[in-house]
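Biologist: Before we discuss any detail, could you put the model on the screen, so that we can go through its features by question and answer?

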Amino acid sequence: MQNFEFKNPTKILFGKNQLEKLNQEIPQNAKILILYGSSSAKESGVLDEIKTQLTEFNYSEFGGIEPNPTYENLMEIVDFVKENQFTFLLAVGGGSVIDGTKFIAAASCFEGETASDILVKQVPVTKALPLGTILTLSGTGTEMNGEAVISVQTEGSKIPFRSPAIYPKFSILDPTYTYSAPLNQVSNGIVDTFTHIMEQYLTYPVDAYVQDRFAESLLIILIEEGPKVLHTPTDYALRANLMWTSTMAINGIIGAGVPQDWSTHIIGHAITAAYKIDHGKTMGAILPAMLEVQKNEKREKLIQYAKRVWKIEKGSEDEMIALSIIKTKEFFDMMGVSTQLSTYGLDRSIIPTVIHSLEPLTDLGITLGERGTLTLDKVAQVLELAL
Ligand code: NZQ
Ligand code: ZN
């Protein structure tokens with residue numbers, strides 16, 4: 001196992017009716033801004049429930065954070081936050097609203113020239129307004145991590161940033177709040193979660209038994225329980241387990257002390273930025289293609305994955321690897337998430353565009369893959385296969 005430091009300061013309040021504790025989690029004298037997306041928080045009634053809990057507090061609200069939130073739109077909210085001197089941000093929604101809120105929290109306290117530097121120049125964020133979240137769609141895991149992904153229209157890219165300052169102070173995870181989410185978004189979340197786990201697990205072995213077994217158990221839960229949610233979307237036990245799996249997948253625990261390979265995400269973000277395909281859907285197409293192209297780099301772990309996750313015992317090692325990739329694709333298909341980008345009308349013309357958008361990374365010396373061996377030529381092969 002590699003050396004690691006681990007700290008996760010986010011308090012989780014998990015389960016039914018946990019919203020009743022909201023008023024204990026926010027300082028009494030806070031000036032709160034509640035942030036949400038287009039309409040779901042209003043329509044589902046969660047926004048009204050929140051207001052009921054905050055009757056003794058000073059709060060305002062701001063709706064309209066869009067999916068894949070943009071720097072340009074978020075900066076309008078940053079101005080509003082600064083003008084009105086809000087001291088606490090409360091995000092109500094899925095990954096987009098929470099990530100957008102994390103950026104607003106950081107940009108509102110940014111003392112440099114322009115807050116776009118947080119993204120474009122990766123200037124470290126040392127200060128942010130405190131924030132809490134009420135999650136309504138699980139998958140991204142942003143409710144318990146110090147990361148956000150923001151689109152920058154002028155750059156034509158989707159850029160992650162991380163900081164200890166943007167961990168939510170608390171996150172309320174009530175699985176019943178996810179019942180109203182469209183099933184295609186639920187599927188996106190499950191495939192996204194699966195990919196998060198794979199990018200921390202499916203690299204090369206470092207004798208990290210705890211992380212490996214934990215990752216494998218989370219993958220098995222998704223495989224066994226994920227498809228059921230499409231038929232019984234209001235099954236509480238299912239939703240609770242899927243929600244907690246998503247959170248545990250990317251809160252630092254399974255990734256501590258192991259090599260990681262986030263290249264599927266990097267390519268997926270480039271596709272979302274250029275073609276507006278949902279994040280989870282890009283994962284469904286890129287991950288299996290990545291495993292295929294990188295199967296020599298990932299050989300030992302792919303064999304372990306085949307045996308332990310898919311229980312494949314027969315055949316040569318090459319056959320086991322091939323079957324594990326087929327089974328991964330079958331699982332995504334079962335979830336209703338296509339493994340081919342052509343489903344979304346994309347064709348070979350995307351390859352030069354995506355490669356071009358990744359060139360700045362390689363210019364900065366950022367290498368892709370767990371050993372830095374995923375060249376842009378190989379990325380082109382991944383895209384070719386994913387079409
Ligand atoms: O805008 P509203 O009205 O809220 O509708 C949303 C949106 O249209 C809807 N929705 C959410 N909860 C609902 C609901 N509709 C009905 N009932 C509910 N309970 O679902 C739609 C999609 O929401 P969005 O937040 O965009 O989806 P998701 O949670 O998949 O988030 C995607 C974003 O998260 C980023 C992605 O890049 C993308 O920008 N990610 C963030 C990560 C992180 N911070 O750690 C990691 C991930 O890998 C990912 O990159
Ligand atoms: Zn993701």
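This is a predicted model: local features need pLDDT of at least 70, side-chain atom pairs count only at pLDDT 80 or more; totals for chains, interfaces and linings use all residues.

Biologist: Are D192 and H196 buried or exposed, and what are their relative accessible areas?

Modeller: The cut-off for a buried residue is a relative accessible area under 20%. D192 has a relative accessible area of 3% and is therefore buried. H196 is likewise buried, because its relative accessible area is 2%.

Biologist: Which strands pair with β5, in what sense, and over how many bridges?

Modeller: Strand β4 (residues 88–93) pairs with β5 in the parallel sense over 5 bridges, and within this pairing L90 has G132 as its bridge partner. Strand β8 (residues 170–173) also runs parallel to β5, and here I134 has I172 as its bridge partner. The number of bridges that join β5 to β8 is 3.

Biologist: What does UniProt list for residues 9–175 and residues 189–354, and what are the helix and strand contents of these ranges?

Modeller: The unreviewed UniProt entry places the feature "domain: Alcohol dehydrogenase iron-type/glycerol dehydrogenase GldA" at residues 9–175, and the model has 28% helix and 25% strand over that range. For residues 189–354 the unreviewed entry lists "domain: Fe-containing alcohol dehydrogenase-like C-terminal". Over residues 189–354 the end C-alpha atoms are 23 Å apart, and the chain is 66% helix and 0% strand.

Biologist: How many cavities of 30 Å³ or more does a search of the whole structure find, and which elements give two or more residues to the lining of the largest cavity?

Modeller: The search finds 2 cavities of 30 Å³ or more, and the largest cavity has a volume of about 110 Å³. Of the 13 residues that line the largest cavity, S138, V186, I190, R239 and L242 are the closest to its centre, and by class the lining divides into 7 nonpolar, 5 polar and 1 charged. The elements that give two or more residues to this lining are α7, α8 (209–229) and α9 (236–249).

Biologist: What is the volume of the second largest cavity, and which element gives the most to its lining?

Modeller: The second largest cavity has a volume of about 50 Å³, and its lining residues include M198, E199, L287 and K298. By class, this lining has 5 nonpolar, 1 polar and 3 charged residues. Both α7 and α11 (279–293) supply at least two residues of the lining, and the element that gives the most, with 3 residues, is α11.

Biologist: How much space lies in the second largest pocket, and which elements give two or more residues to its lining?

Modeller: About 190 Å³ of space lies in the second largest pocket, and its lining residues divide into 3 nonpolar, 7 polar and 2 charged. Among them are E66, S151, V152, T272 and K276. The elements that give two or more residues to this lining are β6 (147–152) and α10 (263–275).

Biologist: Where is K311, what is its phi, and is K311 buried or exposed?

Modeller: K311 lies in the loop between α12 (299–308) and α13 (317–334). Phi of K311 is near 55°, a positive value in a residue other than glycine. With a relative accessible area of 54%, K311 is exposed.

Terms used: Residues are numbered from 1 along each chain as its sequence is written. Chains are lettered from A and ligands numbered from 1 in the order in which they are written. Side-chain values use heavy atoms; hydrogens and water are left out. Buried means under 20% relative accessible area, exposed over 50%, partly exposed in between (1.4 Å probe, protein chains only). Two strands pair if DSSP finds at least two bridges between them. Helices (H or I, at least four residues) and strands (E, at least two) are DSSP runs, numbered from the N terminus. UniProt positions are given in the numbering used here, feature names are shortened, and annotations may be inferred rather than shown by experiment. On a 1 Å grid over the protein atoms alone, a cavity is a set of points where a 1.4 Å probe fits but cannot get out, and a pocket is an open set with protein on both sides within 12 Å along at least five of seven lines; lining residues have an atom within 4 Å of a point. Grid points are joined across faces, edges and corners, and a volume is the space filled by probe spheres set on the points. Ala, Val, Leu, Ile, Met, Phe, Trp, Tyr, Cys and Pro count as nonpolar, Asp, Glu, Lys and Arg as charged, and the others, Gly among them, as polar.
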